[in-house]
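This report describes selected packing features of one protein chain. The sequence and the structure are shown first.

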Amino acid sequence: MTTMTDRKDAAISRGVGMTTQIYAERAENAEIWDRDGNRYIDFAAGIAVVNTGHRHPKVVEAVKAQLDRFTHTCHQVVPYENYVSLAERLNALVPGDFDKKTIFATTGAEAVENAIKIARHYTGRPGIVSFAGGFHGRTFMGMALTGKVQPYKAGFGPMMPDVWHLPFPNPLHGVSKEDALKSLQQLFKADLEPARVAAIIVEPVQGEGGFYEVPPGFMAELRALCDHHGMLLIADEVQTGFARTGKLFAMEHHGVAADLTAMAKGLGGGLPISAVTGRAEVMDSPNPGGLGGTYAGNPLGVAAAHAVLDVIEEEGLCDRATRLGQRLKQRLAAARDQIPQIADIRGPGFMNAVEFNLPGSDSPSPDFTNKVREEALKRGLILLTCGVYGNVVRFLAPLTIPDAVFEEALDILDDSLLAARNGSHSGSGA
């Protein structure tokens, strides 16, 4: 009998990796049911996309209402009001006490690429500084910016020029804030004239890199350096945005405003939409036609985004993210005595991670990490791994997850940690 996996393997490029072999039939809030009726608790949220839960009623209602009006005109041909009003909302919400303007695109990679285009055009400079472990997309500029070779860069040939990587400040792996800043100064002395740098791009919390948060004070140092050398600071908030870290935007934790903010994922609540918001004079630098795209700011995505912003405010999801994250980290901390592989528990709001090493060692343990993921999946809990060493489990459940479902997931997590420790392959099906 031909299975779905057989059909997938025959029809789809193997370059599209898959974490699970679950084929979704329906989803509601923080739960997914597959084609066989098995139920799973979703601690991935489409990689931080459905922060407001699968099929939030207000998001569904907004999209249905827009479907009844029109689905596409291309804003550059026949514009529409809700594109303008969403830009107005983001201009008011994105951190920064200055006049702002916004453009819309479709994906996070597009948002990042547009931010780079705008920065280069405004400054007249080509250089971009990024960080090891950062993830900024799979397009060619996104790959070049990304500080992780496998699986994102390997075999794809020369990267885009004038992109320079620095060590990300990560004390757990021996890189202090001071080390990272010294590396930047060394780059300017040995390889790259500051006057050639258009921008520094940074994730306030690294996503694929392992959920490492920028340490206190580091963002202010970057801001000061950018101001001193006439560079722009770009915040990649694609994964950190929209209440995930306990603030609407993660930059709010640092008291520093970026010149340009790239966002996507959680903005559309499941529909594709991304944006760049930044200083008005910077955003106005490109000539008409230099920015945009056929599907950029699609009306359905715009309608969903309006609803997402309403839900975040009305349901207090920033505060809820903080409470959920605290509870999760408490449970993980309580497991430490029984799970010696736990090396670190971290993350702001509900953008949390646990890192695993070999017991009594600083050596990463990707095998144990994958066992935890596999044991959780057997028990009906979907987890994601990440990190340069593949030894981090990241937690990205919807912020709307019901309390009872959340507690059920934490119990499954406890059981999965113990099963992985014991080398057990037992566990009931989903």
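## A buried proline in a loop

Setting aside residues up to four places away in sequence, P215 touches P169, K177 and H254. The structure is a predicted model. P215 lies in the loop between β7 (197–202) and α8 (218–229). Its relative accessible area is 15%; because buried means under 20% relative accessible area, P215 counts as buried.

A further proline, P204, is 11 residues from P215 in sequence. The C-alpha atoms of P215 and P204 are 9.0 Å apart in space.

T261 belongs to strand β9, which spans residues 260–263. With a relative accessible area of 3%, T261 is buried. When residues up to four places away in sequence are not counted, T261 touches V94, A235, E237, A275, V276 and T277.

## Nonpolar cores

The largest nonpolar core has 60 residues. Which of them touch the most other members? They are F43, F242, L381, L383, F395 and I401. Helix α10 supplies the largest share of this core, with nine residues.

The surroundings of L383 can be given in detail. Apart from its neighbours within four places in sequence, L383 is in contact with T19, F43, V372, R373, A376, V393, F395 and L413. Among them, F43 and F395 are, like L383, listed with the residues that touch the most other members of the largest core.

## Packing of helices α3 and α10

Two packed helices are described by the angle between their axes and the distance between the axes. For helix α3 (residues 57–67) and helix α10 (residues 299–314), the axes come within 8 Å and cross at roughly 150 degrees. Because angles over 145 degrees count as roughly antiparallel, α3 is roughly antiparallel to α10. The crossing in which α3 passes α10 is right-handed.

On the α3 side, the contact is made by K58, V59, A62, V63, Q66 and L67. On the α10 side, the residues are P299, L300, A303, A304, A307, V308, V311 and E314. How many residues of each class does the contact of α3 with α10 have? There are 11 nonpolar residues, one polar residue and two charged residues.

Note on methods
Residues numbered from 1 in each chain as written. Predicted model: local features only at pLDDT ≥ 70, side-chain atom pairs only at ≥ 80, totals over all residues. Heavy atoms only, no water. Axes fitted to C-alpha atoms, helices over the stretch in contact; angles between N-to-C directions. Helix = DSSP H or I, 4+ residues; strand = E, 2+ residues; numbered from the N terminus. Parallel < 35°, antiparallel > 145°, perpendicular 65-115°, else oblique. Left-handed = near helix turned anticlockwise from the far one by under 90°. Contact = heavy atoms within 4.5 Å. Nonpolar A, V, L, I, M, F, W, Y, C, P; charged D, E, K, R; others polar. Core = buried A, V, L, I, M, F, W, Y, C linked by side-chain atoms within 4.5 Å. Buried < 20%, exposed > 50% of the residue type's maximum accessible area, 1.4 Å probe, protein only.
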